[in-house]
Each structure stands twice: as C-alpha cells, then as structure tokens.
2 protein chains.
Amino acid sequence: MHSLKTRIQQDGIVLSDEVLKVDSFLNHQVDPELMKEMGEEFCRRFQDKKITKVLTLESSGIAPALFTALNLGVPLIFARKRKSLTLNEDILTAEVYSFTKQETSTISVSKKFLNQDDHVLIIDDFLANGQAGLGLIEVVTKAKASISGIGIVIEKAFQNGGELLRDTGYQVESLARISSLENSTVSFLEEEVTV
Amino acid sequence: MHSLKTRIQQDGIVLSDEVLKVDSFLNHQVDPELMKEMGEEFCRRFQDKKITKVLTLESSGIAPALFTALNLGVPLIFARKRKSLTLNEDILTAEVYSFTKQETSTISVSKKFLNQDDHVLIIDDFLANGQAGLGLIEVVTKAKASISGIGIVIEKAFQNGGELLRDTGYQVESLARISSLENSTVSFLEEEVTV
C-alpha cells in the first residue's frame, strides 16, 4: 500500500536493525485517515471471503481492524491481553510470547462472540515473530470457527513470522513488507506477494 | 444519543446495581457502525472548539475516539496504561485508581505528541468515578496543552465522576447518562444535560 510505505519512510524511526517505531501514526498517535484507507484495502483483499467477524489484539490492532470491520459490515472483536489471567470457562485463551518484551501474555476472547458458524479475518498491526498471529489462530480454532485470512499492517519480512503464518496455509496479506532496517534505512520487498 | 440508549437497553447486561456490561458492542466486541455514529455525534458537540488532538485511554476508548478524530480531521492519541512503569523523561504520566479492579495504573503519553499549542478533546468509554478522566486531564495539563472538552460514551450518573469532571469547569458531554441500574433495569436521565 503506497501511502503506508511513504508514511513509514517519512515518519518511521529505525531504532535498530530489528526495531521500527511507528508511534506517530499507528501505535500511540494514530492517523485516522490512514487507518480508514487501510480498512478499505483489507476489505478489498478479503471481500470475497464471506467474513462474519474481524478479530484483533488490543491495543494497536484496534484502529486498522475497526475500519476493516466497518467496510466489511461485520463486528470487530478485540482480544484482551493480560500478564496473568484467572481461568474461566467462559473464555477462549492462548499464550503469546513477546520476544520484544521477553514475557508471556495470555490473550482471551469471550466464548459467546465466536462460534463454529463464524468466518474470521484476523488483523494485527505488526508481524515479526508471528506469535500474536499464532495465538489469535489458536483462539479461533478453539472456538471451532474458520479462519478466512490474516491481514497485517507492517510485516518485518526479515523475521520468521511471515513464513510461520503462511505455512499454516491461510491467506496472509501485509500492507507493507519490510525487507531490511539495516543502516537505519527502511527497505521494502519489491512486491507485496500474496500467498 | 437515541441509538446508543436503545442498544444499551437491548444488549447491555446489568450485573449489579453498579455494574453494566456492554461487551457485545463497545468494549470487547465492537459495533463499527455505532462507533461511527458516536464519532459523528461527538464531532457535532465539539466542532466549534478548534480541536487539534483527540486523547483517549487504551483499549475501550479507542474505537469511539478514532471516529471522533476522523470526523474532526485530527490525530488520535491513545494513552498507554500499565501497572508499573519505568520513569522516563520523554513521557507524561498520571496515576489512575480503578475502583472496579482495586488497583492503581500509570497512564502515559509521549511528550512529543502533546504541546502548549494543542487543544485536546478527551474521549472515554465510561464515566463512573472519574478517575480515568482526571488522569487524562492531568496528562494534558502537564503538557501545558489546553482541554477543549470531555466526551463520554456511557456515564453512570449515579456515581460521582460526572460531578468531579464537571467541577473542573470543562464541557462534559455524555452520549448516554444512566440514572440507575437498580432491579436489573437500566434507567436513563430524562435529558442529556450539557454543562
């Protein structure tokens, strides 16, 4: 997505060869117009999938996922993330390890909002090691719902998460795929490959 | 806001005389169309205020605040909430006590996104004891920015937060003001008073 790549080049801050900070337009301060465009783009890429629910993870996934859900005309669910969680029979959970924070969180979704008739589009802001995506897949699978695809705002294609998620066989669409952050420079993959 | 009140009557779950659960359309599963309407309504109520930023608190405030920011044509900032936080000179913080969870969190906003030229509209999903609202006011005040008003989705008008926030002198607008949850019934204040 051209406008997103331009914005990353303009306002993204490369903190290291592995870390890109986009807190001026995506995950702390948020540009609503850009989020709206992303929602339209995700809708375009998945519109033939008969999606019934969009699922994301609090908090940074909510903005792009909300516009995606609006465009698809379906509800959004945001999974809750907690360091520890009291087990409860009414919730579906998965453990997600964050390499950045070096800690494990439990993500949860109420059982009442996902069932076997649902076709779920998973949306997240970043794809790095794929752990959040795999956790969301686990939650949907536990609900016996089906997964219609996975939409990612920014994929760090030099890390292994993209491969992990594509190996599941689901359609994975990333709006910007970064091939390298070396020399404090953001490089994108030539093509946004659809698998 | 009529459609919101109708939705609360239909889908809100009264858990006790003090607790209303709206996780089917606002703070876990989210209805994007209703959020869009809320954004339009908040914009209408504050549109003459020359707002430059909308500020909310993760996670449940993000959806209504995002559409408000879209309609006002300004960026959204969502404050981060943590149980503990390493002090850092680049962030503005406030302590917020939650009566529901009986714990204190630190909310934070990066200094670089709020400054003395900003006119900030604060948006939050619930107003009960007013602690989150006061925390957000504190953050804006520390940035030397000015506060243009406070928009609340659901106010529990039988608790003291509304009075606390209105006593600050700022314009407080709630889309639905609940006068009572007694006998498992949601009652609204007759008028949505603008102060």
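Trainee: How many salt bridges does the count come to over all chains?

Mentor: Over all chains, the count comes to 28 salt bridges, and please keep in mind throughout our chat that this is a predicted model.

Trainee: Okay, which residue forms a salt bridge with R82(A), and where do the two sit?

Mentor: The partner of R82(A) is E58(A), with the closest N and O atoms 3.3 Å apart. R82(A) belongs to strand β5 (residues 76-82) of chain A, while E58(A) is in the loop between β4 (53-57) and α3 of chain A, and the pair, 24 residues apart, links distant parts of the chain.

Trainee: And E58(A), is that buried or exposed?

Mentor: E58(A) counts as buried, because its relative accessibility is 8%, whereas R82(A) counts as partly exposed at 30%.

Trainee: What about chain B, which residue meets E58(B) in a salt bridge there?

Mentor: In chain B the side chain of E58(B) meets that of R80(B), at 3.1 Å from N to O. This pair also links distant parts of its chain, since R80(B) is in strand β5 (residues 76-82) of chain B and E58(B) is in the loop between β4 (53-57) and α3 of chain B, 22 residues apart. E58(B) is buried, with a relative accessible area of 8%.

Trainee: Now a helix, please: how are K142(A) and E138(A) placed in α4?

Mentor: K142(A) and E138(A) are four residues apart in helix α4 of chain A, so about one helical turn separates them. Their side chains meet in a salt bridge of 3.2 Å, N to O. K142(A) is partly exposed at 41% relative accessible area, and E138(A) is partly exposed at 34%.

Trainee: Which residues are linked in a network of salt bridges?

Mentor: A network of salt bridges links E41(A), R44(A), R45(A) and E173(A).

Trainee: Changing topic, how many aromatic pairs are there over all chains?

Mentor: A search of the whole structure finds three aromatic pairs over all chains. In one of them, the ring centres of F67(A) and F67(B) are 4.9 Å apart and the planes stand at 65°, so the pair is edge-to-face. F67(A) lies in helix α3 (residues 62-72) of chain A and F67(B) in helix α3 (residues 62-72) of chain B, so this pair joins two chains.

Trainee: What rotation superposes chain B on chain A?

Mentor: A rotation of 180°, with 0.0 Å of shift along its axis, superposes chain B on chain A with an RMSD of 0.0 Å. The two copies are therefore related as by a two-fold rotation axis. Of the residues of chain B, S59(B) comes closest to that axis, with its C-alpha at 2.8 Å.

Trainee: What is K156(A) in contact with?

Mentor: Leaving aside neighbours within four places in sequence, the contacts of K156(A) include E18(A), F126(A) and A128(A). The backbone oxygen of E18(A) lies 2.7 Å from a polar atom of the K156(A) side chain. K156(A) lies in strand β9 (residues 146-156) of chain A and is buried, with a relative accessible area of 11%.

Trainee: And where does N27(A) lie?

Mentor: N27(A) lies in the loop between β2 (20-21) and β3 (29-30) of chain A, and at 14% relative accessibility N27(A) counts as buried. Beyond neighbours within four places in sequence, N27(A) is in contact with residues including D125(A) of chain A as well as F78(B) and R80(B) of chain B.

Notes
Residues numbered from 1 in each chain as written. Chains lettered and ligands numbered in written order. Predicted model: local features only at pLDDT ≥ 70, side-chain atom pairs only at ≥ 80, totals over all residues. Heavy atoms only, no water. Least-squares fit on C-alpha atoms with pLDDT ≥ 70 in both. Buried < 20%, exposed > 50% of the residue type's maximum accessible area, 1.4 Å probe, protein only. Contact = heavy atoms within 4.5 Å. Polar contact = N/O pair within 3.5 Å; in protein donor to acceptor, adjacent residues only side chain to side chain. Phe/Tyr/Trp six-rings, centres within 6.5 Å; stacked < 30°, edge-to-face > 60°. Salt bridge = Lys/Arg side-chain N within 4 Å of Asp/Glu carboxyl O.
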